[in-house]
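Subject: Structure handover

Hello,

Here is the structure you are taking over. The sequence and coordinates come first, and my notes follow.

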Amino acid sequence: MTFTRTEFAKSVRMSVLIIVIVIIVGYAAFRSLPYVRGPQIILFQPINGSTIASTTITVVGRALRINSLTMNDNPIETDESGNFKETLVVFPGVNVISFNATDQFKRTARAELRVFGSETF
């Protein structure tokens, strides 16, 4: 089967149009993927279950795709990348620190950190 010049031009135009549409749809899906995932809380420091020998600790982490973040029901601030750093008092025994994040669609994520305060500081 041979193509005439006009048939060939039509098939090239149709192929280019299909490729452009596929690229646009793929890019839109790629850009909307984080919204589908929802909020996420990542805790870097201290390690969950660790024993703390001082009276204070610095909690370091990152919250992704959030509108608000709370630690033990108190709002905390993040930088533009979602990083946060908070200092807390550690009491002897088990200390439970809870984090709650909410995104723009009111979906929530929760993380919990348990550290053990040494009996002797």
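The notes below cover the sheet and then the salt bridges.

Please keep in mind that this is a predicted model.

Sheet. Five strands make up an open sheet with mixed pairing, in the order β2-β8-β7-β4-β5. At its edges are β2 (51-52) and β5 (74-75), each of which pairs on one side only. Within the sheet, β7 (residues 93-102) and β8 (residues 108-117) run antiparallel and are joined by ten bridges. For orientation, Val-94 is opposite Phe-116 in β8.

Salt bridges. Searching the whole structure gives three of them. One links the side chains of Arg-107 and Asp-103, at 2.9 Å from N to O. Asp-103 is buried, at a relative accessible area of 3%, whereas Arg-107 is partly exposed at 29%. The cut-off for buried is under 20% relative accessible area, so Asp-103 falls in that class at 3%.

Glu-112 takes part in a salt bridge with Arg-110, where the closest N and O atoms are 3.2 Å apart. Glu-112 also forms a salt bridge with Arg-114, again with the closest N and O atoms 3.2 Å apart. Through these shared partners, Arg-110, Glu-112 and Arg-114 belong to one network. As for accessibility, Arg-110 counts as exposed at 54%, Glu-112 as partly exposed at 35%, and Arg-114 as partly exposed at 39%.

Regards

How values were computed. Residues are numbered from 1 along each chain as its sequence is written. This is a predicted model: local features need pLDDT of at least 70, side-chain atom pairs count only at pLDDT 80 or more; totals for chains, interfaces and linings use all residues. Side-chain values use heavy atoms; hydrogens and water are left out. Two strands pair if DSSP finds at least two bridges between them. Helices (H or I, at least four residues) and strands (E, at least two) are DSSP runs, numbered from the N terminus. A salt bridge is a side-chain nitrogen of Lys or Arg within 4 Å of a carboxyl oxygen of Asp or Glu. Buried means under 20% relative accessible area, exposed over 50%, partly exposed in between (1.4 Å probe, protein chains only).
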